[in-house]
Amino acid sequence: MHTGALIIMKTGDIRQNLLHWYDASLFYLYEADFLRNHNLRSVQTIAILGIVFNNVGDSDLHYSLWGAAIRIAQALKMGFDRENPDEDAVQQQVRRRLWWTMVLCEWLPVPYRTPCILEADFKTELPASLRDDEFLTGRQDGVAQPHLIDYHIAMSQVAIHYHRFRFAVRHSKGSLEDIFPLVISADESLASFIEQLPEHLRPEEPDQKIDQPDDIDPWMSWQRGNLCVVLLYYRIVINRVLQDQWIHDPVTFARTRSICLSSAQGIIKMTKAYAQPIARHRPW
């Protein structure tokens with residue numbers, strides 16, 4: 001068989017299997033009558049499906065079910081540590097991870113939409129940076145090591161930075177005098193956050209090889225690259241709020257224009273350099 005035809009056939013098989021799995025997931029979700037019978041597993045299911053909705057062209061259902069999952073999670077008090085005093089260490093971390101998954105996906109949508117969760121609506125700690133063996137006890141051995149969950153924590157922190165910026169802009173008077181310091185403060189806050197990231201998640205230096213593989217932990221390269229693109233993208237989103245002022249006052253607003261252009265160039269560079277499968281990229 002021709003190689004190209006074989007690739008097409010395999011790709012078709014993969015997509016067909018994905019659609020079967022997707023349809024089955026929705027079938028059992030509805031069979032469970034999840035809108036009436038609130039359960040953490042329903043929230044987990046929709047969170048996982050959140051990765052798939054757009055890939056199968058079901059964005060309207062994504063929007064509807066995601067809102068339902070948030071309301072179910074709120075009904076279960078998942079956003080409050082104090083409302084779950086009887087859970088053990090594992091249950092606590094599972095709940096926190098799932099809740100912050102809902103929050104960060106709600107606060108970092110592309111394109112942006114008005115979120116239905118506000119920071120004042122919940123009070124729960126971020127997930128702990130724990131290895132699998134530490135997960136059961138909730139204790140760390142004091143040795144700093146890369147953890148898979150560090151990426152999830154970092155994405156949640158990016159979501160917090162961006163949400164606070166959008167909230168401040170929305171509640172400002174809307175004048176340039178009000179918005180300009182908010183943009184500068186948000187960008188500086190995000191830049192400072194980048195410097196505090198764990199070493200394995202920090203953006204690489206310009207002269208480093210971007211797609212350098214990590215034979216021991218290959219997930220590190222994917223997490224670092226994806227987080228780097230996220231950070232570059234949201235620096236653009238924050239600074240382009242002042243885009244209309246670039247022409248009127250190119251001196252005062254040269255910094256915001258420069259950040260947008262350099263960040264865009266960085267995204268293009270990284271997109272070209274990464275050799276990982278396209279399916280593993282966020283839909284930038």
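**Figure 1. Burial and overall make-up of the predicted model.** Of the protein's 284 residues, 37% count as buried; here buried means under 20% relative accessible area, exposed means over 50%, and partly exposed is in between (1.4 Å probe, protein chains only). This is a predicted model, in which local features need pLDDT of at least 70, side-chain atom pairs count only at pLDDT 80 or more, and totals for chains, interfaces and linings use all residues. Residues are numbered from 1 along each chain as its sequence is written, and side-chain values use heavy atoms, with hydrogens and water left out. The protein has ten helices and zero strands, where helices (H or I, at least four residues) and strands (E, at least two) are DSSP runs numbered from the N terminus. The accessible surface comes to about 16,900 Å², and 55% of that belongs to carbon and sulfur atoms; such areas come from the Shrake-Rupley method with a 1.4 Å probe, and for residues only the protein chains shown count as cover. Among contacts between residues at least 6 apart in sequence, 70% join residues at least 24 apart, a contact being heavy atoms within 4.5 Å.

**Figure 2. Where to read the model with care.** The mean pLDDT of the protein is 85, and 83% of its residues reach 70 or more; pLDDT is the predictor's confidence in each residue, from 0 to 100. Over residues 1-9 the pLDDT is below 50, and this stretch has one contact in the model beyond near neighbours in sequence. Residues 206-215 also have pLDDT below 50, with 13 contacts beyond near neighbours in sequence. Where pLDDT is low, the predicted coordinates should not be read in detail.

**Figure 3. A close-up of helix H3.** H3 covers residues 59-75, 17 residues in total, and reaches 24 Å from its first C-alpha to its last, close to the 24 Å expected at 1.5 Å a residue. That expected span is 1.5 Å times one less than the number of residues. Which residues of H3 are buried? They are His62, Leu65, Trp66, Gly67, Ala68, Ala69, Ile70, Ile72 and Ala73. His62 counts as buried because its relative accessibility is 15%. Leaving aside neighbours within four places in sequence, His62 is in contact with Gly50, Phe53 and Asn54. H3 is followed by Lys77, whose phi is positive, near 60°.

**Figure 4. Salt bridges around Asp81 and Arg95.** The structure holds ten salt bridges, each being a side-chain nitrogen of Lys or Arg within 4 Å of a carboxyl oxygen of Asp or Glu. In one of them, Asp81 pairs with Arg95, and the closest N and O atoms are 2.7 Å apart. Asp81 lies in the loop between H3 and helix H4 (89-107) and Arg95 in helix H4, so the pair ties together parts that are 14 residues apart in sequence. Are these two partners buried or exposed? Both Asp81 and Arg95 are buried. Asp81, Glu87, Arg95 and Arg96 are linked in a network of salt bridges.

Figure 5. Glu83 and Arg82 form a salt bridge whose closest N and O atoms are 3.9 Å apart. Glu83 is partly exposed, at 40% relative accessibility, while Arg82 is exposed, at 60%. The side chains of Arg36 and Asp33 meet in another salt bridge, at 3.3 Å from N to O. Arg36 counts as exposed because its relative accessibility is 67%, and Asp33 counts as partly exposed at 28%.

**Figure 6. The largest nonpolar core.** This core has 62 residues, of which Trp99, Val158, Leu227, Leu231 and Tyr234 touch the most other members. A nonpolar core is a set of buried Ala, Val, Leu, Ile, Met, Phe, Trp, Tyr and Cys residues joined through side-chain atoms within 4.5 Å. Helices giving two or more residues to this core include helix H1 (3-31), helix H6 (149-170) and helix H8 (219-239). H8 gives the most, with ten residues. Leaving aside neighbours within four places in sequence, Leu227 is in contact with Tyr151, Ala154, Met155, Val158, Leu197 and Leu201.

**Figure 7. Val94 and Pro127.** Val94 lies in helix H4 and is partly exposed, with a relative accessible area of 31%. The C-alpha atoms of Val94 and Pro127 are separated by 8.3 Å, and the two residues are 33 residues apart along the chain.
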